[in-house]
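Trainee: I would like to go through the charged side chains of this model. Can we take them one at a time?

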Amino acid sequence: MQRPAPRQPLRFSTQMLLLQVAVVLLVVLLSAAVHAWLTYDRVGSDAENQALTLARTVASDPEVRADVLAISGQPGTPPPAELLAGPLQASAEAARTRTGALFVVITDETGIRLAHPDPQRLGEKVSTDPSEALSGQEITTRNTGTLGPSAGAKVPVYAPGTATVVGEVSVGYSMETVAQSVSRDIGPVALTAAGALLAGVLGSFLLRRRLQRLTLGLEPEEISTLVHDQVAVLQGVDDGVIGVSADGRVSVFNAAAQRLLDLPDLSGTRWEDAPVPAQLKSLTSPVPVAAAPRLAAAGPEANATGPDALELVAGGRVLVVNARKALHRREDLGWVVMLRDRTELQELTRQLDAVGTMSTALRAQRHEFANQLHTLAGFLGIGQHQEARDYLAGLAATGPLKFPVDQAELLQDPYLQAFVGAKGVEADERGVALRIGPETLVRGQVTEAQDVTTVLGNLIDNAVNAAVAGSSNDRWVELEVLDEPGDDGGTLHIVVADSGDGLAEGTDPEGVFAEGFTTAAGPARAGGGQGFGLALARQLARRRGGDVKVLDGGTAGGPGAVFMAVLPHTTAGNPAAKTPGAAGKDNNG
């Protein structure tokens with residue numbers, strides 16, 4: 001037997017609708033019930049006050065007081081027939097008929113009825129306790145007597161001219177009449193309650209539709225899952241993510257974006273006021289008018305992609321940034337800006353180039369060494385031992401194959417020697433001689449290899465390109481490096497000069513450090529390959545407390561520009577820091 005399919009639970013919006021309808025219905029019913037009760041109580045109180053007024057009027061009538069005194073003074077109670085034909089019965093019935101009361105009863109000082117609407121009850125004791133009225137008190141009551149439920153009052157009857165109680169007057173109005181009056185008053189209340197209920201149901205239905213629109217039809221469990229997934233994804237990726245809502249506020253600024261831009265969380269900040277680079281804001285700017293026809297012809301997808309990706313330097317990093325328009329069922333949700341760090345990729349590329357260059361040099365050494373061994377083996381093979389000895393003596397005098405960098409031994413740090421040597425091989429292949437200046441002396445060990453490599457590599461590449469593009473036939477790049485000891489790490493002073501044509505006439509020396517600055521003949525062209533090298537080098541140096549600047553812009557026809565970099569806290573173990581005066585002696589030597 002096939003089992004029935006499990007019953008699907010009601011959607012959250014439907015549950016909210018039913019709950020709201022139930023709450024509105026409960027509130028309306030309670031309000032109507034309270035109003036009905038208050039109305040009923042008010043009308044009952046009015047009936048009691050009316051009964052009290054009528055009872056006082058009857059009890060204060062001189063004829064009634066005299067007749068009650070006369071009967072009270074007789075031994076026993078007159079028979080019912082006599083009471084029915086007596087003046088008290090006539091006065092009571094006249095008052096009852098005139099006011100529409102349920103009953104007007106007059107008793108003697110013992111509670112025996114002297115007047116009653118029902119003639120058969122004359123001469124009998126009243127059904128309710130008359131003691132309070134007979135003791136001289138006026139009271140209002142709600143009780144059920146022989147004529148049914150009533151709201152009434154009891155007033156003592158005094159003997160004429162005295163304070164002696166000789167009887168009581170009891171007046172009552174039917175509670176059924178009160179209920180009929182309430183039912184007449186409750187009609188508008190019921191209509192108002194029905195209108196309120198209808199308005200509440202309609203409001204709940206509209207709220208349900210708005211809730212569905214705001215939550216995109218998702219259930220609370222799905223929203224919770226999406227929030228957890230969003231947090232996990234946005235905070236778990238290495239790429240920076242910035243969300244800009246349709247109203248122009250930053251809605252998402254994940255941890256990677258904070259790290260890459262070196263900024264705090266900007267969520268809630270207006271995008272136009274956010275302290276981010278202007279290039280980021282330009283990505284989310286409206287489409288220029290000139291580009292509108294082209295994008296319209298390309299379709300809606302082109303409008304959603306935004307401008308092309310761009311590179312910028314921020315926080316000492318080279319970032320690739322692009323922006324995409326976020327749409328959901330044709331609803332504009334704003335922009336999503338993505339930031340990717342290319343600094344490490346560029347560093348790895350530079351290191352791989354250096355390794356490749358040194359590998360090429362080693363292969364050249366190996367090939368040269370193999371040729372020398374073959375020559376030596378040939379001499380020995382034909383018995384020319386003296387020639388073999390002379391050949392070995394010549395090899396010993398010339399030494400092994402070296403990098404084409406003059407005075408590289410002044411760089412005692414092996415990392416700098418290897419890096420500058422690789423750069424020398426690369427420059428030699430382009431017809432540029434890389435040489436070490438005579439003032440160079442590095443005796444410490446480099447501790448911040450990545451920052452030193454980035455700054456030094458950009459400056460050397462910059463100078464080599466400038467030398468290649470220059471008009472001089474003698475192409476060279478000169479590098480001078482000095483390390484200055486310090487208690488919390490030594491400082492590297494780097495000076496790079498070239499044989500190029502220098503900065504173009506009228507070029508601001510500070511302008512070469514702007515992002516994207518390039519010139520066909522100027523040294524800034526080599527900055528990172530795309531106009532970012534010098535900007536990145538300066539930011540890295542300034543982040544460490546140093547700087548990169550132009551010492552000399554050069555002149556046409558050479559020599560070219562001279563750049564200087566100061567990198568604090570990048571070396572350690574400098575012997576000059578231990579032996580006072582040693583540094584001065586070595587530098588002078």
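Trainee: Is Glu124 buried, partly exposed or exposed?

Mentor: The model is predicted, and the accessibility is computed from it. Buried means under 20% relative accessible area and exposed means over 50%. Glu124 has 33% relative accessibility, so Glu124 counts as partly exposed.

Trainee: Which residue is linked with Asp118, Arg121 and Glu124 in a network of salt bridges?

Mentor: Side chains of opposite charge can pair when their charged atoms come close. In this network Asp118, Arg121 and Glu124 are joined with Arg113.

Trainee: How many residues apart are Arg340 and Asp239, which form a salt bridge?

Mentor: The closest N and O atoms of Arg340 and Asp239 are 3.7 Å apart. The pair links distant parts of the chain: Arg340 lies in strand 10, and Asp239 in the loop between helix 7 and strand 6.

Trainee: With which side chain does the side chain of Lys423 make a polar contact?

Mentor: Lys423 belongs to helix 14, residues 414–429. Its relative accessibility is 7%, under the 20% limit, so Lys423 counts as buried. At 2.9 Å, the polar contact of the Lys423 side chain is with the side chain of Asp461.

Methods. Residues numbered from 1 in each chain as written. Predicted model: local features only at pLDDT ≥ 70, side-chain atom pairs only at ≥ 80, totals over all residues. Heavy atoms only, no water. Helix = DSSP H or I, 4+ residues; strand = E, 2+ residues; numbered from the N terminus. Buried < 20%, exposed > 50% of the residue type's maximum accessible area, 1.4 Å probe, protein only. Polar contact = N/O pair within 3.5 Å; in protein donor to acceptor, adjacent residues only side chain to side chain. Salt bridge = Lys/Arg side-chain N within 4 Å of Asp/Glu carboxyl O.
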